[in-house]
There are 2 protein chains.
Amino acid sequence: MKPSPKLTCLKDLRHRILTMDIAPGADLDEVALSDRYAVSRTPLREVLQRLAGEGYVVLLENRGAKVASMDLGTMRTFFQTAPLIYSSMARLAAENRTVQQLGELKSVQAEFTDAVSASDPTTMAMRNHRFHELIGEMADNAYLVPSLSRLLIDHTRLGQVFYRPKAPAESMAVQKACQQHDAMIAAIEDGDSDAVVDITLQHWDLSRDRMERFVRPDPLPLDVADLRERTHAV
Amino acid sequence: MKPSPKLTCLKDLRHRILTMDIAPGADLDEVALSDRYAVSRTPLREVLQRLAGEGYVVLLENRGAKVASMDLGTMRTFFQTAPLIYSSMARLAAENRTVQQLGELKSVQAEFTDAVSASDPTTMAMRNHRFHELIGEMADNAYLVPSLSRLLIDHTRLGQVFYRPKAPAESMAVQKACQQHDAMIAAIEDGDSDAVVDITLQHWDLSRDRMERFVRPDPLPLDVADLRERTHAV
DNA sequence: CCTACACAATATGTATACAAAGTGTGCGCA
DNA sequence: TGCGCACACTTTGTATACATATTGTGTAGG
């Protein structure tokens, strides 16, 4: 039962896009990719079509595929939309989860914790992605899942910075996020909709703070006296 | 500038699925379709992949494509999700619409009114679809649009009954829906978010009532005495 | 020197032939 | 007669060759 090269290609491209190994907005060359994954252009194009359907890439008529970009407009929309979808999904997950899904969620959370301990940012990001994707599956809502998936693509890409803590405060934030995951699992297991929505929104606030700090970091320290001199110098 | 057969195929399949000319759950034969639209299997398969990405069809590994079904679980989710997405989109549309989009919306609404006057159920359904799709475009939210699109697919299919009025009461309902469209346009033009959300929810309630009546119609009139006799007879 | 057009090079889109997987039928055997 | 296996048939998946569109470059003309 070896996995088909096509499926490998699909999953690897998803992975590389989420980890920004392939940058947002980057052009994808069909022949280069079909060469890399040892499939012909026909199935490769089907993979690209599928990735386009999932929101990972955009297809341009007669001008190939490129990775979905993350411009300012996108980000604005992202911050506007995320809490609505995340909280809706959380509520539905608490109502509709199966025991099997709950087990898988715990398993993924354990793996996530391992990655945190190992300080492996990429693995952390991917397992966090899987964690939230699973909550989407639990919600069992075919209409909302596509929205969640698209949000998670950009969340995971934006959140890379989250898992590469520079300052100790950042490291603490990851710890806290991890605890929130545990609390979410508990609330989902209890079927406590209100609790899981509450924790989810806290989780979002934490994540948003980090991301906004990345987008709009603290200004570099200035030496005012020095600045004044430069002004005169010119 | 003649349209490519591929694009014709894509649009026509969408149309036929929405009008249930191709029934929910129906199997799609690649060779039959590629024959019908005069394209080879390669571009046809790309069309199917794209339709799958949009939620019109589902692709089964090594077992072809079938039109997205509308089972009980789907419908339950549909009724649960529609008001959330519709009202969110309405609010965003009022905030983000461009004047050009507003013009197009008015134009589509005029066409819809024409179809109502002409009592052309299929055209009504398709123009109603386009009307709400446009509101999605106005909302300018790449994360929510896929959810709206999927809801509209099922709404349009389910709502066919809406536009084939049997009783005078049904005909009145269509008139009312038409007026609500006008009210939505006015509210969107004014940028009155609260108003458009309010009207949108009323619009949903109207539509939902009709659809639920279809799903769970009034029971057939019984002659109780007669029923009793039958019971004894057995 | 800049612009515009033409042609070459590259990349995408389509058709067709072939391979592989799935499905149904019929025959043999218990 | 019922079950199971094998083989043929149908359908889907992949590779490759060819057609078409886009892009870059070079040259001629203003």
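I began with the surface near DNA strand C, to which helix H2 (30-36) of chain A and helix H3 (41-54) of chain B each supply at least two residues. Helices are DSSP runs (H or I, at least four residues), numbered from the N terminus. I took a residue as near when its C-beta atom, placed from the backbone, lies within 6 Å of the strand.

The model is predicted: local features need pLDDT of at least 70, side-chain atom pairs count only at pLDDT 80 or more, and totals for chains, interfaces and linings use all residues. Residues are numbered from 1 along each chain as its sequence is written, while chains are lettered from A and ligands numbered from 1 in the order in which they are written.

I noted 17 residues around DNA strand C, the closest being A:Gly64, B:Ser40, B:Thr42, B:Pro43 and B:Asn62. H3(B) gives the largest share of this surface, 3 residues.

I then turned to helix H5 (residues 99-117) of chain B. I looked up its buried residues (20 or more other C-beta atoms within 10 Å of their own, C-beta atoms being placed from the backbone) and found B:Leu105, B:Val108, B:Gln109, B:Phe112 and B:Val116. Seen down the axis of H5(B), these fall within an arc of 105 degrees (taken from the directions from the helix axis to the C-beta atoms), so they line one face of the helix. Just after H5(B), I recorded a positive phi of about 55 degrees at B:Ser119.

Last, I examined the chain pair: 20 residues of chain B are in contact with 21 residues of chain A, contact being C-beta atoms, placed from the backbone, within 7 Å.

Definitions and conventions. A residue is buried if 20 or more other C-beta atoms lie within 10 Å of its own, exposed if 12 or fewer, and partly exposed in between; C-beta atoms are placed from the backbone. Two residues are in contact if their C-beta atoms, placed from the backbone, lie within 7 Å.
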